[in-house]
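Please keep the sequence and the structure in view as you work through them.

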Amino acid sequence: MTALSPHPDRLLPADPGTREVARGLYAAVADAPIYSPHGHVDAGMLLEDEPFDDPAALLITPDHYVVRLLHAVGVPLERLGLRHVENSEGAGAPGSGREIWRALCEHWDVFLGTPVRYWFESEFAGVFGLTEAPSAVTADALYDQLVDTLSRPEFRPRALFDRFNIAVLATTDDPADDLSAHLALRDDPTFTGRVVPTFRADRYMHPLEPTWRGRLDALSAAANIDCGNHAGLLDALRSRRAYFKAAGGTATDTGTIDAGSEPLADADAERIHREALAGTITQADADAYRRTMLYRLAEMSAEDGLVMQLHAGVIRNHHRPTFDAFGPDTGHDLPAAGGYTVPLTPILRDFGVNPTFRIVLFTVDETLFSREIAPLAGFYPSVFAGAPWWFLDSPAGIARYRAAVTDSAGFAKTSGFIDDTRAYCSIPARHDMSRRLDAGYLASLVTTHQLSEDDALTLAHRLVADIPVSTFRL
Amino acid sequence: MTALSPHPDRLLPADPGTREVARGLYAAVADAPIYSPHGHVDAGMLLEDEPFDDPAALLITPDHYVVRLLHAVGVPLERLGLRHVENSEGAGAPGSGREIWRALCEHWDVFLGTPVRYWFESEFAGVFGLTEAPSAVTADALYDQLVDTLSRPEFRPRALFDRFNIAVLATTDDPADDLSAHLALRDDPTFTGRVVPTFRADRYMHPLEPTWRGRLDALSAAANIDCGNHAGLLDALRSRRAYFKAAGGTATDTGTIDAGSEPLADADAERIHREALAGTITQADADAYRRTMLYRLAEMSAEDGLVMQLHAGVIRNHHRPTFDAFGPDTGHDLPAAGGYTVPLTPILRDFGVNPTFRIVLFTVDETLFSREIAPLAGFYPSVFAGAPWWFLDSPAGIARYRAAVTDSAGFAKTSGFIDDTRAYCSIPARHDMSRRLDAGYLASLVTTHQLSEDDALTLAHRLVADIPVSTFRL
Amino acid sequence: MTALSPHPDRLLPADPGTREVARGLYAAVADAPIYSPHGHVDAGMLLEDEPFDDPAALLITPDHYVVRLLHAVGVPLERLGLRHVENSEGAGAPGSGREIWRALCEHWDVFLGTPVRYWFESEFAGVFGLTEAPSAVTADALYDQLVDTLSRPEFRPRALFDRFNIAVLATTDDPADDLSAHLALRDDPTFTGRVVPTFRADRYMHPLEPTWRGRLDALSAAANIDCGNHAGLLDALRSRRAYFKAAGGTATDTGTIDAGSEPLADADAERIHREALAGTITQADADAYRRTMLYRLAEMSAEDGLVMQLHAGVIRNHHRPTFDAFGPDTGHDLPAAGGYTVPLTPILRDFGVNPTFRIVLFTVDETLFSREIAPLAGFYPSVFAGAPWWFLDSPAGIARYRAAVTDSAGFAKTSGFIDDTRAYCSIPARHDMSRRLDAGYLASLVTTHQLSEDDALTLAHRLVADIPVSTFRL
């Protein structure tokens with residue numbers, strides 16, 4: 001059996017002199033409160049504050065980072081708790097949590113060298129107090145220990161929220177959501193945390209999707225505005241943005257296959273909207289509709305000041321048979337070759353120097369960091385370089401991001417770290433990783449005399465506090 | 001004169017602590033047998049086991065890595081032993097080997113900092129026992145020494161095979177090849193090595209090529225199946241794959257300009273096949289034919305389990321005048337901007353989770369490592385991330401590959417090192433380079449506490465043995 | 001207040017052993033003369049040799065690296081001395097220089113970690129003798145000190161030219177320029193420097209530009225050849241190239257959105273030329289015209305031996321409202337996704353192995369370094385890999401360039417450092433940065449035993465002298 005004991009100096013630079021500087025910088029911010037301006041935790045979980053009952057359902061099944069690599073080495077998705085679409089409402093077989101956990105433990109060496117293993121080790125040791133590494137031999141004992149641990153009051157969601165020292169947690173929410181959980185949390189005198197919604201209108205941008213019409217109905221009801229035409233949809237979205245803002249929201253989020261943003265004339269948008277409802281829309285018109293919607297969302301941000309987050313360039317559901325069997329978010333969303341400078345031209349032309357407008361650009365195509373995102377952030381007051389995302393959210397990816405972005409955008413035009421996670425208990429490990437890596441990057445600038453130690457310390461503090469607070473208008 | 005004495009610590013990390021760890025990891029695998037699952041050595045050379053008679057013909061002329069950079073600084077291809085197409089059957093002028101060798105020695109400083117020089121230094125010292133660096137002054141003496149050395153029995157191909165400690169050597173072969181050399185080697189009790197063929201059907205995929213029809217005839221004869229129609233061609237290829245498999249083959253290889261793989265309906269494929277034979281095919285149809293062929297080759301791999309290697313994204317024969325004068329493989333094949341995720345969709349949709357199917361993806365566009373290849377290998381059980389190839393097969397390129405691929409694919413979904421060489425005597429130097437670099441990469445994870453020293457040692461062993469054996473089903 | 005004291009070891013590698021080697025290499029070339037084969041200094045400034053009167057006009061307003069990042073954090077361009085197009089001939093308001101300087105000082109921390117701050121620190125301390133860092137507190141005192149310093153005779157342009165130890169300074173000039181400043185400098189016995197013109201014909205390549213016709217008139221007058229037809233334009237350019245060459249020019253420069261170079265038949269080019277003059281040209285024809293012009297410029301280089309520099313892949317004037325208000329070169333030129341291998345095919349097919357022809361390829365899309373530029377330079381005798389440019393001209397960018405280019409192109413096929421600057425007083429700091437970084441890169445090859453210390457020293461010398469002199473035929 002192997003001990004699980006993450007090293008206090010983990011991720012700090014190997015060179016002893018640089019490590020010494022990095023240690024000091026990291027120590028200064030290691031315990032600072034966490035700002036999490038973008039993620040996928042469920043506000044209802046915090047409201048209800050029920051104990052987590054199954055380690056696998058908490059740690060494995062919903063985390064596509066974990067599921068995908070296990071699948072890649074031959075573990076069927078069923079064995080990991082994913083349910084076939086047709087019986088997605090049914091319960092898993094009894095005991096399946098333990099089997100899922102065993103699958104992880106048996107394949108623990110598959111994760112060697114990956115950020116998933118790094119996060120898990122920090123989380124298992126730091127949050128749950130495990131002292132032995134997962135393996136086929138230790139699987140059952142660790143599972144029992146986790147079940148026992150999760151049943152204790154200090155492992156309920158709210159207790160963890162306090163222990164994680166989360167200052168602000170942003171969720172991601174549909175415009176039709178009534179945000180009842182957020183409002184209840186805000187009004188609950190026993191909960192002192194801050195949980196803010198994020199307005200994500202993706203589902204209204206794709207009129208070819210079979211679910212589009214149903215979404216319009218839900219939104220019409222939520223906003224009490226008829227979305228049967230394009231102007232109505234825009235009005236409803238505006239109304240819901242105001243509702244989100246009143247509920248504490250400061251930002252929106254959009255994910256698209258590309259960043260095209262050419263606005264349509266009203267008559268053209270209305271025609272496509274009508275044809276979409278009639279079921280006669282073409283793919284080209286659907287694309288044009290998505291792009292005009294992106295433009296209109298930017299226009300709304302220029303009006304109401306909600307910070308626009310843009311995550312362009314993901315091919316969703318690449319493996320059609322898996323999508324048909326298990327539905328979306330099952331590990332086969334994949335990066336596309338991207339671009340921002342050309343497709344964002346309409347938005348930046350009209351709102352790029354508008355002081356109310358703000359847009360944070362994320363990518364899974366790292367060639368954009370030095371070629372597009374940093375140069376855009378280095379001219380447009382409205383543009384910020386988003387932290388490395390998804391496939392790039394790793395020690396090596398973050399190092400490449402800093403090296404590629406700082407030249408043109410400095411630190412002031414970057415977003416600060418984003419955990420973007422559904423894995424609630426991994427939040428401290430992810431932010432801690434970022435703090436260690438930034439300490440190492442700043443230390444490397446210090447030991448090569450590109451930065452004074454005082455300036456590095458100032459930046460280390462800003463990166464965990466001022467920068468996310470300011471960028472996301474928290 | 002400068003001594004030629006490669007340093008025992010070459011390529012290991014500069015940081016003393018990391019180097020110490022890397023030394024231990026490297027020492028553990030430095031003498032492990034070589035698995036070479038992809039390369040271009042001639043099996044006939046091993047069968048005949050004739051002494052190499054000319055150092056230049058062995059070391060320079062056939063190695064386009066060497067030829068291209070000498071050409072780039074102004075050495076005409078003729079001077080390097082390349083022959084004009086019209087007299088390609090004629091012998092070189094007497095004494096030309098020495099002159100070619102002199103050209104290399106006189107331009108030795110051109111290779112400073114390149115992997116070619118690194119390989120040559122390891123090979124000259126380690127294989128041939130040279131003790132002085134090439135230069136205009138030493139050229140003749142070194143040439144004489146090499147000629148003398150090559151005439152000795154221990155420098156014949158089979159003796160070197162043993163000395164190189166090659167466990168498996170894969171060649172690259174045309175489907176019409178009778179594999180007589182492979183079969184004779186297998187049946188030769190005096191040769192204990194394992195030399196396996198690789199099925200490469202590229203020449204049958206390009207119906208616009210003037211040589212296509214002749215190739216069909218040769219294949220028809222080899223398979224005893226008429227390739228006059230598309231179904232016949234596919235049957236013949238299936239038959240020859242079985243023949244290759246029976247002769248010890250475990251893999252195929254395909255090189256294409258892109259990875260498009262949309263299958264055609266049988267009738268469409270037959271029409272294009274007919275028109276190609278009639279000489280009336282269009283470029284668009286030729287492209288469609290190439291893509292359906294790629295799909296069919298994947299389909300065959302899903303049936304017979306031969307591991308599919310895919311090398312997409314090379315622009316062949318960029319400089320037309322050089323091609324016209326000297327033919328193909330003369331140093332001006334160049335990387336194209338690539339992509340796998342979108343064009344491979346048909347193959348991965350139909351065979352991506354099929355346990356018999358396996359595909360190893362290689363690229364000369366390194367932006368694909370983190371954006372496409374690692375994410376694909378991190379979901380699809382069938383997909384493996386191929387080692388850095390050709391222009392990327394260097395210390396710096398390999399370091400970038402590991403840093404870009406490990407996050408999403410770990411180590412288990414990578415291919416292991418591939419030497420891909422025609423330069424037989426460089427094989428030990430190339431694998432040794434890879435072992436040093438992997439030791440350094442693993443050591444850097446150890447000293448930053450992302451990996452334990454035990455795990456690093458396990459991985460170092462796997463990378464040179466289990467991983468290539470398993471990936472290529474050796 | 002913070003002291004301004006750039007560290008003697010700045011930018012050298014952190015690892016102590018590597019730093020020690022790098023120190024020696026850097027020391028050997030630190031004081032070598034500067035070859036600046038590409039830049040934007042005004043020859044007239046050197047001819048007139050007037051004192052610089054305003055620090056802001058010297059250091060801030062014309063430097064778009066500085067202006068763009070200040071703009072990105074909210075400083076209006078007006079406040080930085082940029083003038084609205086309609087009153088661009090008018091003088092700035094009195095005292096504006098001090099206010100611009102204050103804007104820089106107040107936002108000094110925005111530049112932390114960027115090359116702009118690095119250059120400024122070297123320049124402020126090394127050229128102007130400032131001892132305190134810019135800040136809101138020190139702004140006025142520093143401004144006064146700079147004004148005083150600039151009034152001293154040793155800070156006039158020619159005195160600085162000597163002090164900077166510039167061996168050759170290349171400017172960038174319009175073909176219609178009479179080069180009177182260059183000729184006067186050459187004939188001035190009191191000026192011993194060498195200032196050579198560079199022929200930049202961009203303005204004649206874009207027949208849709210409103211200024212095109214006016215440019216033709218100016219060129220017709222300068223060359224005394226009618227540019228009313230395409231053949232006349234080509235003749236006029238040929239004539240002016242000869243004029244530039246006679247005035248000491250050794251190179252040309254071209255900036256285009258892409259590297260397309262397909263030549264048109266004469267009749268087609270003449271037709272487009274006519275339609276452009278008539279105002280009836282299409283965008284597609286304008287693009288075809290630009291591409292044939294690129295081909296013709298290469299053809300001329302193959303005749304007259306002027307070294308062709310190609311800077312493809314910049315989207316000019318991305319933010320239209322800023323362009324309308326302030327004109328070009330105001331910080332919103334942005335990198336485009338690029339490519340050389342395919343679009344340059346016509347030029348390389350016809351001139352790629354022509355010993356008179358030479359082309360240096362620059363990019364702001366760093367994916368091209370390992371995928372296109374180094375592989376092209378590693379085969380074609382005519383192709384050289386240009387130094388990192390613009391957004392990539394930074395410590396991190398230069399490190400990535402060396403790591404990406406050396407494998408395929410070595411050092412001999414690279415251009416040597418290019419400062420490409422309008423900021424005259426930053427020239428020593430920029431070349432010094434390059435020398436430090438190359439020393440560090442070479443040292444890292446030494447400590448990993450890929451290069452001997454002797455070879456590293458030879459290369460360090462070549463990189464600052466032989467290589468630029470030879471590449472640019474100085």
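## Exercise 1: Where two chains meet

In this predicted model, 36 residues of chain B are in contact with 45 residues of chain A. Work out how much area the two chains bury, which residues of chain B lose the most, and how many salt bridges the rule finds across the interface.

**Solution.** Step 1 concerns the size of the interface. The size of an interface is often given as the accessible area lost when the parts come together. For chain B and chain A the area buried between them is about 3200 Å², and 59% of it lies on carbon and sulfur atoms.

Step 2 turns to single residues. On the side of chain B, the most area is lost to chain A by Arg371(B), Phe379(B) and Asp407(B), which together make up 23% of what that side buries.

Step 3 looks for charged pairs. Across the interface of chain B and chain A the rule finds 3 salt bridges, and one salt bridge joins Arg117(A) to Asp455(B), with the closest N and O atoms 3.1 Å apart.

## Exercise 2: How the copies are related

Step 2 takes the next pair, where chain C is superposed on chain B by a rotation of 120°, with 0.0 Å of shift along its axis and an RMSD of 0.0 Å. Of the residues of chain C, Asp15(C) comes closest to the rotation axis, its C-alpha being at 3.5 Å.

Step 3 asks which surfaces are used. Only 6% of the interface residues of chain B are also interface residues in chain A, so the copies meet through different surfaces.

## Exercise 3: Two domains in one chain

Describe how domain 1 and domain 2 of chain A are laid out and how they touch.

**Solution.** Step 1 sets the bounds: the domain assignment of chain A gives residues 16–50 and 156–471 to domain 1, and residues 51–154 to domain 2. The C-alpha centres of these two domains of chain A lie 27 Å apart.

Step 2 describes the contact, in which 35 residues of domain 1 of chain A meet 26 residues of domain 2 of chain A. The area buried between these domains of chain A is about 2600 Å², with carbon and sulfur atoms giving 63% of it. Arg156(A), Phe326(A) and Cys425(A) supply 24% of the area that domain 1 of chain A buries against domain 2 of chain A, more than any other three residues.

Step 3 counts the charged pairs: there is 1 salt bridge between domain 1 and domain 2 of chain A. The side chains of Arg430(A) and Asp63(A) form a salt bridge, at 3.9 Å from N to O.

Methods: Residues are numbered from 1 along each chain as its sequence is written. Chains are lettered from A and ligands numbered from 1 in the order in which they are written. This is a predicted model: local features need pLDDT of at least 70, side-chain atom pairs count only at pLDDT 80 or more; totals for chains, interfaces and linings use all residues. Side-chain values use heavy atoms; hydrogens and water are left out. Contact means heavy atoms within 4.5 Å. Copies are superposed by least squares on the C-alpha atoms of residues with pLDDT of at least 70 in both. Domain bounds come from an automatic or database domain assignment. Buried area is the accessible area (1.4 Å probe) that two parts lose on being put together, summed over both. A salt bridge is a side-chain nitrogen of Lys or Arg within 4 Å of a carboxyl oxygen of Asp or Glu.
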